[in-house]
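I opened this entry to keep track of what I looked up, one topic at a time. The notes follow the order in which I checked things.

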Amino acid sequence: MTSTDVLRGLFLFEKLDDEKLEWLASHGEEREFGAGELIVRQGDPAECFLVLVDGEIVMSTETPAGVVTMTPTSQRGVYAGATSAYLGDRAPDTYSHSLRATKPSRLFVLPAKKYGLMIGEWFPMAVHLLDGVRLGGLAQREIIDRRQRLTALGTITAGLTHELNNPAAAAVRAVGEMREKVRSARRQLASLAEAGISAGRLRALIDLQEGCTDKAASLPARSPLDVSDAEDELGDELEEAGVADGWELAPALVAAGFKAGGVEKVRDAVGQEHLSGAMHWLAEAIEINQMLNEVTDATERISSLLASAKQYSQMDRAPYQTVDVRELLDSTLTMFRGKIPPGISMATDYDPELPPIPGYAGELNQVWTNLIHNALDAMAGTGTLTVRTRLEHDTTALIEICDTGPGVPEHLRERIFEPFFTTKSVGEGTGLGLDISFRIVAGRHGGDLRVESTPGDTRFQVRLPLTELPSP
């Protein structure tokens, strides 16, 4: 039998009168558990309601995506086990979680039926209120949580669509122009053939074109003024050589590294009688190659964006895995790039010593999405978004999402992680973004999410352990 003085010292029972404390003491008992000992197992019959008297315990829940482990607690009076037994026949038949002692611990154990009887008889109105709040809260959270995900998905989809549109439009434009250039180049070759150019001279012309193409890939950067001077010089040389419309040919030839004096090489290769046609074909062949490079760059950009989207969604990965946080952050930033206002600059500062960490990659991407979205909103179109990673004490990964907005007022810093609390205007925020993020970081990964904020420097800090979560 437990002493009523022990029960009175627990916050859960401190307001009960002596008669009720004696009833509890006579129907329950104290049990001791060693460090590491399993107290209740998820899925076993829910037979007991448990209250921590002293020691330390940890709660864990096995889900389809893996084990969710809460932070160990030593707070006297915390409770677990058959907490819903007051629902009677509607209460779960089995434990919805596992409970383990992390240090030698002592718990007050009350049979579930006695606990349900006690709540029903002592607090009948509370039973109805708790049941209504439980059902209403679950329904409301499910609806808003789903809408929060859809909102984030819409933001990311809009950004990705915008980013894909730019290279896709560039590729379409290049292909359209290239079609005309190919048609014109064919006519130029036909004209050269009709003019009686020999096979050897045609081969020499093609070799010159391939040389220009190969050289273009390794040309040093030049200022716009240098390029303009080179085009003027080459244009003059083409005009003096009798090449029609030489000024129109010069830009393409200069872009491929063709210099003044190169006209003489073409004349030596094909002869004066074929020089004009050869220069026109050479310029068009070089432009065709440049357009092919544009199409290649555009399609590679599209492939890179799709790879980032695939990395972001983690659609081909196992839920729990070892991941590179930098890759996850980069993929999320790529999804946002089209939604970042022109007045906001972006910087990354990644610690090269940070090793991969175990975690749920798709859910961590949701955390980055929520935090980056909030940072962009806070800056209202002007400022700097900084994403930083650090290795702390060789055991923890620190990820910071920083903005230069007005900051979070001190009196709100503790409340911003509460469900449904938001500082945004009505209809602009659900108040669940930070709550979801906190549950993912703390509940799913055994980490920590906090904020440090002063005007012009707000940092949301995510700390994640480098070791795998323990099994229940």
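I began with burial, where a residue counts as buried under 20% relative accessible area. By that cut-off, 42% of the 472 residues of the protein chain are buried. I note at once that this is a predicted model.

**Overall layout**

I looked up the secondary structure next. The protein chain has 12 helices and 13 strands. I then checked the surface. Residues 24 or more positions apart account for 75% of them.

**The largest nonpolar core**

Which residues have the most contacts inside the largest nonpolar core? I found Trp 368, Leu 385, Ile 399, Ile 401 and Val 462, in a core of 37 residues. I listed the elements that give two or more residues to this core: α10 (325-336), α11, β10 (383-392), β11 (396-403), α12 (433-444), β12 (448-454) and β13. Helix α11 gives the largest share, 9 residues.

Beyond its neighbours within four places in sequence, Ile 399 is in contact with Val 325, Leu 329, Trp 368, Arg 388, Thr 389, Phe 460, Gln 461, Val 462 and Leu 464.

**Ile 357**

I went to strand β9 (residues 357-360), where Ile 357 lies. Is Ile 357 buried or exposed? Ile 357 is buried, because its relative accessible area is 0%. I then took a C-alpha distance. Ile 357 and Thr 322 are 35 residues apart along the chain, and their C-alpha atoms are separated by 5.3 Å. Thr 322 is also on the contact list of Ile 357, once neighbours within four places in sequence are set aside. That list also includes Gln 321, Val 323, Leu 364, Ala 397 and Leu 464.

**Thr 458**

I moved to strand β13 (residues 457-465) and picked Thr 458. Thr 458 counts as buried, since its relative accessibility is 2%. Which side chain does Thr 458 join in a polar contact? I found Ser 453, at 2.8 Å. Leaving out residues up to four places away in sequence, I found Thr 458 touching Ile 401, Cys 402, Asp 403, Gly 407, Val 408, Val 451, Glu 452 and Ser 453.

**Asn 374**

I checked a residue of helix α11 (residues 361-379), Asn 374. Asn 374 is partly exposed, because its relative accessible area is 22%.

**Aromatic rings**

How many aromatic pairs are there in the whole structure? My search finds 4. One of them is Phe 13 with Phe 108, edge-to-face, 6.1 Å centre to centre and 80° between the planes. Phe 13 lies in the loop between α1 (4-8) and α2 (18-27), and Phe 108 in strand β6 (residues 98-111), so the pair ties together parts that are 95 residues apart in sequence. Phe 13 is buried at 4% relative accessible area, and Phe 108 is buried at 0%.

I looked at Trp 23 and Trp 122 next. Their ring centres are 5.4 Å apart and their planes stand at 70°, so this pair is edge-to-face. Trp 23 lies in helix α2 and Trp 122 in helix α3 (residues 112-122), so the pair ties together parts that are 99 residues apart in sequence. Trp 23 is partly exposed, with a relative accessible area of 21%. I also noted one aromatic cluster, formed by Phe 49, Tyr 79 and Tyr 115.

**Charges over rings**

I checked charged ends against rings. That of Lys 20 sits over the ring of Trp 122, 5.4 Å from its centre. That of Arg 444 sits over the ring of Tyr 360, 4.0 Å from its centre.

**Helix α7**

My last stop was helix α7 (residues 246-255). Its buried residues are Gly 246, Leu 249, Ala 250, Ala 252, Leu 253 and Val 254. Gly 257 follows α7 and has a positive phi, near 90°.

Definitions and conventions
Residues are numbered from 1 along each chain as its sequence is written. Side-chain values use heavy atoms; hydrogens and water are left out. Helices (H or I, at least four residues) and strands (E, at least two) are DSSP runs, numbered from the N terminus. Buried means under 20% relative accessible area, exposed over 50%, partly exposed in between (1.4 Å probe, protein chains only). A polar contact is a pair of N or O atoms within 3.5 Å; within protein, one must be able to donate a hydrogen and the other to accept it, and residues adjacent in sequence count only if both atoms are side-chain atoms. Contact means heavy atoms within 4.5 Å. A nonpolar core is a set of buried Ala, Val, Leu, Ile, Met, Phe, Trp, Tyr and Cys residues joined through side-chain atoms within 4.5 Å. Rings of Phe, Tyr and Trp (its six-membered ring) pair if their centres lie within 6.5 Å; planes under 30 degrees apart count as stacked, over 60 as edge-to-face and the rest as tilted. A charge sits over a ring if NZ of Lys or CZ of Arg is within 6 Å of the ring centre and within 35 degrees of the ring normal.
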